[in-house]
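The following exercises are intended for a reader meeting this structure for the first time. Each task is followed by a solution in steps.

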Amino acid sequence: RIQILFEFYYRMNTKICLLRRCLSYGDFVKVSSKVKDKEYTARHLQNILNLDDVHEQWKKAGYHNRAPLHVQKWGTATRTSLARHYKIYSHLLDGIEHRFSALDVRYDGGLSVEHGNIINPEQAQSLPQVTWDCDESEMFTLVLVSPDSHPHDPKLPLIFWMVGNIPGHDLQKGHQIAEYIPPVPYKGTGFHRYVFLLLRQSASPIKQPPLRSVAERTVTLPSLIAEHGLAPCALAFYQSTWDGTVGRTLARRLDCDEKQFGVERSKDIHEHYAEEEFMYNEWRMRNEFL
């Protein structure tokens, strides 16, 4: 009896699967006949798309599930994992993983700083607008720091902007400790990280002397946090690579010459390339003669 029931179940299941395949094939034929004209126009570069309709469909997808990651509403867990991925904790905070809230940073033209997006130095020449949600009775310190852009020692961080004693979220009323400097990722060194970090102060204002020179701006965040009793609470960061504005920024703001970061190739390498080029030209001339 068990064998008979098993054979009956197997045959019925097979028929159902075949029926589903037939239905799906029929639907496929119907859909193919409908999109045949669109396929022809697409292959012949005659298909015209309405970008407004595409944008509306993209918006209907929702910001929490199928929308691109850079426009999603970042959660604390996602922000923490991205900071861990870009080694923000290990390179700036001695490996201590803090729970960060959102920090809204925007440059001219509405260019937003997310969590590792790419912004060129030319796009970050002006002072950004920074906002955050907080209690009006609290005081904060805002720091822009890079673990990659120190001109003398790549293992040390460099502070590019610092504002202390900010009442609530009114950045204009804060005390500027370090003047803003645009990013300076040196030529040939790849992408540099630039981190906006919001630090919650204790009840009393901090007393920090102005930071002007490179030596004064070389301040580690753990020492700054321990000295003034600060608590990291919000984070945003971006990446930047070299462009033509880096040399001017180094000369005007940090009193450095960009030429000192150039790489001189040895004569052996030049001779090696010259010999290869000579052999290639000789081979090409022999082939042309034959």
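**Exercise 1.** Identify the bridge partner of V145 in β7, and describe how β7 pairs with other strands.

*Solution.* The model is a predicted one. Step one: V145 has I159 of β7 as its bridge partner. Step two: β6 and β7 pair in the antiparallel sense, with seven bridges between them. Step three: β7 also pairs with strand β8 (residues 175-178), again in the antiparallel sense, over three bridges. Here V163 stands opposite Q176 in β8. Step four: as for burial, nine of the ten residues of β7 are buried, and the strand is mostly covered.

**Exercise 2.** Determine which residues of helix α8 are buried and explain how they are arranged around the axis.

*Solution.* Step one: a residue counts as buried under 20% relative accessible area and as exposed over 50%. In α8 (residues 221-228), the buried residues are L221, L224, I225 and H228. Step two: these residues lie on the same side of α8 because they cover an arc of only 95° around the axis. Step three: A226 and E227, on the other side of α8, are exposed. Step four: the cover over the buried residues of α8 includes α6 (88-92), β6 (139-146), β7 (158-167), β9 (192-200) and β10 (231-240). Step five: just after α8, G229 takes a positive phi of about 65°.

**Exercise 3.** State how many helices and strands the protein chain has, and what share of its residues is buried.

*Solution.* Step one: the protein chain contains ten helices and ten strands. Step two: 34% of its 290 residues count as buried.

Note on methods
Residues numbered from 1 in each chain as written. Predicted model: local features only at pLDDT ≥ 70, side-chain atom pairs only at ≥ 80, totals over all residues. Heavy atoms only, no water. Helix = DSSP H or I, 4+ residues; strand = E, 2+ residues; numbered from the N terminus. Buried < 20%, exposed > 50% of the residue type's maximum accessible area, 1.4 Å probe, protein only. Arc of directions from axis to C-beta. Contact = heavy atoms within 4.5 Å. Pairing = 2+ DSSP bridges.
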